[in-house]
Amino acid sequence: MSWGTELWDQFDNLDKHTQWGIDFLERYAKFVKERLDIEQNYAKQLRSLVKKYCPKRSKDEEPRFTSCLSFYSVLNELNDYAGQREVVAEEMAQRVYGELMRYSQDLKAERKHHLQEGRKAQQYLDHCWKQMDNSKKKFERECKEAEKSQITFDRLDNDINATKSEVEKAKAQFYLRTHMADESKNEYAAQLQNFNAEQWKHFNNSIPHIFKNLQAMDERRTVKLGETYRSFAEAERRVIPIVSKCLEGMVSAAKAVDERRDSGIVVESFKSGFDPPGDFPFEDYSQNLSRTGSDGTISNTPKGDREKDGAPGPRPDPKQHPMSRTKNKLWLFGKKPKAPSLEDFSHLPPEQRRKRLQQRIDELNKELQKEMDQRDALNKMKDVYEKNPQMGDPSSLQPKISETICNMEKLRSEIHKNETWLSEVEGKQSSRGDRRHSADNHHHAPQGRESPEGSYTDDTSQEHHTPHHRPKSPPSVNPAPDPHEFDDEFDDDDPLPVIGHCKALYSFDGQNEGTLVMAEDEVLYIIEEDKGDGWTRARKQSGEEGYVPSSYVDITLEKNSKGAVTYI
């Protein structure tokens with residue numbers, strides 16, 4: 001339907017309708033503005049929330065639990081999701097709100113132009129109507145005056161008393177008024193014809209054209225609204241694939257939670273490696289008391305403590321009495337003292353020490369590679385300056401190159417030092433592994449048997465096999481170590497964890513301080529491996545600790561034990 005033909009007389013209503021259309025468009029633009037503000041605030045709050053709950057510690061201090069790692073993955077996905085909300089807000093701001101505001105200004109200008117043309121056409125038609133109406137009124141007035149003059153002329157013409165001059169004068173007045181009425185009639189007819197022509201032109205040409213333009217403008221406004229509705233939805237639809245990936249990532253993070261693995265991490269993190277404390281031995285302080293024959297009392301010392309392996313046990317040494325070490329184990333029920341941190345990590349168990357040394361070597365190698373890259377870049381720049389002096393002075397780079405080379409030498413020295421410590425740890429572990437391997441093969445000693453000092457001999461004449469029946473004379477041991485060396489190690493309040501067990505191949509009297517007495521075939525706990533000096537630290541079932549010759553025992557290490565407490 002056309003507004004020009006159907007609504008030719010509804011100029012005012014169309015004026016109101018087009019104004020309502022622009023107001024509605026601006027109202028929708030305001031809605032979009034508030035919506036994108038909500039999206040921006042939502043994204044900002046999400047990012048603040050993620051930042052609040054993200055860990056602020058370094059990666060080395062991060063918990064390794066799958067539940068924590070999954071939560072951090074959820075936070076990362078939520079941060080990406082917040083980014084998509086920002087994309088939605090940006091799309092709405094540019095493609096919807098901005099477009100609507102620009103289009104609203106264009107609509108206002110176009111509507112104003114069309115309405116001004118309509119008002120001008122209406123004003124011209126009103127002017128034509130006023131001219132026609134004035135000529136009509138004039139014609140009516142002249143006709144009335146002509147009728148009055150005719151009545152006056154007829155009355156004087158029939159009056160016998162009227163003079164001839166009065167009659168002639170009335171006649172002339174009548175002819176004048178009649179002539180003026182005829183002219184007014186012609187003018188009125190002309191104005192009427194002109195008005196009818198302008199009115200036909202107004203309602204058949206001008207107004208339909210103006211209303212057609214207004215209709216086209218309003219229809220474009222409606223189309224623009226539909227397009228912005230679609231753009232509004234497309235802004236959401238475009239981010240749906242990425243949002244779906246974010247949600248899938250959250251679901252995958254949820255599936256990655258492993259309660260058994262977390263439990264294992266708890267065990268690995270807090271396991272001390274120590275055995276539960278054993279029974280306290282009975283200490284008989286009445287052995288030195290003299291008893292009379294009539295006393296008739298019997299010692300309350302349990303038989304198991306008086307006799308061990310069919311023979312009376314040795315009298316305990318007050319310096320190494322199990323009771324003195326048992327008291328030191330009470331920290332298991334309280335807070336464990338923190339071990340001092342040393343540069344070579346010697347305070348750590350072997351496996352933990354090896355890992356820490358390897359980690360440090362890797363970090364130093366990365367730093368060394370950075371310094372090497374910087375040196376190469378400086379040398380290239382120096383070559384460019386030498387070839388093109390106008391670009392710079394080559395000598396200005398020499399201090400930086402020298403500093404870089406100095407840093408490289410320091411890093412190489414650190415790497416060499418740490419590699420030496422690492423090879424020391426790995427050498428001890430491999431030597432202990434060879435010893436376990438030889439014990440598993442019926443105690444066959446390898447070619448070049450390890451000496452008590454930790455060295456090897458290549459003399460094939462020394463190669464022998466330990467027979468099934470042990471020889472009566474034990475192998476020689478190197479001289480007893482410094483007693484103060486053992487005293488320093490026994491001064492540590494922390495009892496060492498059990499890393500294996502051994503069986504005595506020969507008896508050992510343990511006369512030197514710091515050594516441990518053992519009988520043939522006695523089973524002992526291993527708490528420290530041979531460090532290359534030919535001595536192994538062991539613990540009896542009674543809790544007494546000391547060193548025994550490594551060649552006197554058959555050692556079996558636990559496969560799952562690293563002999564270390566896991567430090568967190």
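Predicted model: local features only at pLDDT ≥ 70, side-chain atom pairs only at ≥ 80, totals over all residues.
Which residue in β6 is the bridge partner of Arg539? The partner is Glu545, and the pair belongs to the contact between strand β5, residues 535-539, and β6, which pair in the antiparallel sense over five bridges.

Let me place that pair in its sheet. Five strands form an open sheet, in the order β6-β5-β4-β3-β7, and the pairing is antiparallel. The edges are taken by β6, residues 545-549, and β7, residues 553-557, each of which has a single partner strand, so that one side of each is left without a neighbour in the sheet. If we ignore direction, neighbouring strands of this sheet are turned by 40 degrees against each other on average.

Moving along the order from β5, we come to β4, which is joined to β5 by three bridges, again with the two strands running antiparallel. Here the bridge partner of Ile526 in β5 is Ala538. These two strands form a hairpin with six residues between them, and in the turn Gly532 has a positive phi of about 105 degrees. On to the next pair: strand β3, residues 500-504, runs antiparallel to strand β4, residues 523-528, and four bridges join them.

Now to the helices. Helix α2, residues 11-53, packs against helix α3, residues 66-158, at an angle of about 165 degrees, with the axes 8 Å apart. With 145 degrees as the cut-off, α2 and α3 are therefore roughly antiparallel to each other, and their crossing is left-handed. Sorted by class, the contact of α2 with α3 has 30 nonpolar, seven polar and eleven charged residues.

How do α3 and α4 cross? Their axes come within 6 Å, at roughly 175 degrees, and α3 and α4 are therefore roughly antiparallel to each other as well. The contact of α3 with α4 has 42 nonpolar, 23 polar and 26 charged residues.

Finally, a check on α4 itself, residues 164-255: at 1.5 Å a residue, its 92 residues should span 136 Å, and the end C-alpha atoms are 132 Å apart, which agrees. I would still point out, as you follow this helix on the screen, that α4 bends by about 45 degrees at Ile240, and that a proline, Pro241, follows within four residues.

Note on methods. Residues numbered from 1 in each chain as written. Heavy atoms only, no water. Axes fitted to C-alpha atoms, helices over the stretch in contact; angles between N-to-C directions. Parallel < 35°, antiparallel > 145°, perpendicular 65-115°, else oblique. Left-handed = near helix turned anticlockwise from the far one by under 90°. Nonpolar A, V, L, I, M, F, W, Y, C, P; charged D, E, K, R; others polar. Expected span 1.5 Å × (residues − 1). Bend = angle between axes of the 7 residues up to and from the residue. Pairing = 2+ DSSP bridges.
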